[in-house]
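Got your viewer open and a selection tool at hand? Here's a short tour, stop by stop.

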Amino acid sequence: MAERIAIIGAGVSGLTCGVVFAERDYRTAIFAKETGRQTTSGAAAGVWFPYHVEPAERVIPLALETFDVLADVARVPASGVSMIELRQFSRTGEIEIPDWAIPLGASVIPSEVEGSLESFKSGFSLRVPLMDTTIYLDYLAARFRKAGGEIHANIRFEKLEDVNTKFDLVINCAGIGARELVRDHDLEPHRGQVAIVPRIEGLSCAIVCDDAPLMYAIPRTNDCVFGGTNDVSDNLAADPATTSQIVAESSRVLNIDRPRVLAECVGLRPFRRSGVRLERDRLRDGRTVIHNYGHGGAGFTLSWGCAQKVLELTTL
């Protein structure tokens, strides 16, 4: 059994793996250039949904496992997790409810509700976990530290072998950083930009439409996330014109006056063309590494299922 574990990456995947291992008494440390809200995870809307990730037959079980854990975590007021109605819409035609969503209680949205949002042709709804990233990432970090874990920020490795050899197991949760760290050219940075606006009166559910232009409005504890974009780009600078378009489209759909923008955020979704990488491997120096990256737009949605799979892989 591994004595000391190093986790690379302090976004939701790294933090969740950290909690899983530290709470099982593994001596665990996280190393990352950015931590918590500074990461791609900090720019995420944080609503549970298996978005923009492959392959479905592999990721859906991981997503459902995560759903169950988050539904329990939602009972902890300080966690920043709550259950919310998600309304998924289509502008172009009849939306199909995914098979996996039916056991969760997904149902067609009545036409009178759709009629109140005139931009859409059809939709379905289901109750899902919502992770307020301004609270949840700090909750995970605090839970990890309480279990004895250490977080080391402002650290960047050129290769996994650079991790101190006192760590006999390395877990790679580097997200888009794995492109350089392990030379994985299957990874693409899918840029997501969002606008943070004040809470919208009367908006109690999450509104999402994947048809172009991508649009979502996610109410959180203290504010609301308007999105978004999904372009292949590694540009982390917020574009004011894009923010204006995002706010205009969300305001049009919600039929409200354009709210003021509190903040703009950009994150790079780690989309992997060949699918999520969740496997055991060996470093050149003989140590074991477990890769856990390539979650696309579903890092939060897969987090606990993937962390449990990583734990299983350590015992092979």
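Which element gives the most to the lining of the second largest pocket? Select strand E14 (277-282): E14 gives the most, with 3 residues. Bear in mind as you look that this is a predicted model.

The pocket holds about 210 Å³ of space. Of the 14 residues that line this pocket, pick Leu160, Glu161, Leu181, Val182 and Arg284, the closest to its centre. Colour the lining by class and you'll get 5 nonpolar, 1 polar and 8 charged residues.

The largest nonpolar core has 68 residues, and Tyr136, Ile171, Ile218 and Leu302 have the most contacts inside it. Helix H7 (residues 299-314) gives the most to this core, with 8 residues. Zoom in on Ile171: leaving aside neighbours within four places in sequence, its contacts include Ile5, Ile7, Phe21, Ile290 and Val310. Then hop to a second, separate core of 19 residues, with Phe89, Cys205, Ile207 and Leu254 among them.

Time for some backbone spotting. Go to the loop between strands E9 (206-209) and E10 (215-219), where Pro213 lies; a cis peptide bond joins Ala212 and Pro213, with omega about -5°. Another cis bond joins Gly227 and Gly228, omega about 0°, and Gly228 lies in the loop between strands E11 (223-227) and E12 (231-232).

Last stop: positive phi outside glycine. Arg183 has phi near 55° and counts as exposed, at 54% relative accessibility. Asn255, with phi of about 60°, is also exposed, at 67%.

Key. Residues are numbered from 1 along each chain as its sequence is written. This is a predicted model: local features need pLDDT of at least 70, side-chain atom pairs count only at pLDDT 80 or more; totals for chains, interfaces and linings use all residues. Side-chain values use heavy atoms; hydrogens and water are left out. A nonpolar core is a set of buried Ala, Val, Leu, Ile, Met, Phe, Trp, Tyr and Cys residues joined through side-chain atoms within 4.5 Å. Buried means under 20% relative accessible area, exposed over 50%, partly exposed in between (1.4 Å probe, protein chains only). Helices (H or I, at least four residues) and strands (E, at least two) are DSSP runs, numbered from the N terminus. Contact means heavy atoms within 4.5 Å. On a 1 Å grid over the protein atoms alone, a cavity is a set of points where a 1.4 Å probe fits but cannot get out, and a pocket is an open set with protein on both sides within 12 Å along at least five of seven lines; lining residues have an atom within 4 Å of a point. Grid points are joined across faces, edges and corners, and a volume is the space filled by probe spheres set on the points. Ala, Val, Leu, Ile, Met, Phe, Trp, Tyr, Cys and Pro count as nonpolar, Asp, Glu, Lys and Arg as charged, and the others, Gly among them, as polar.
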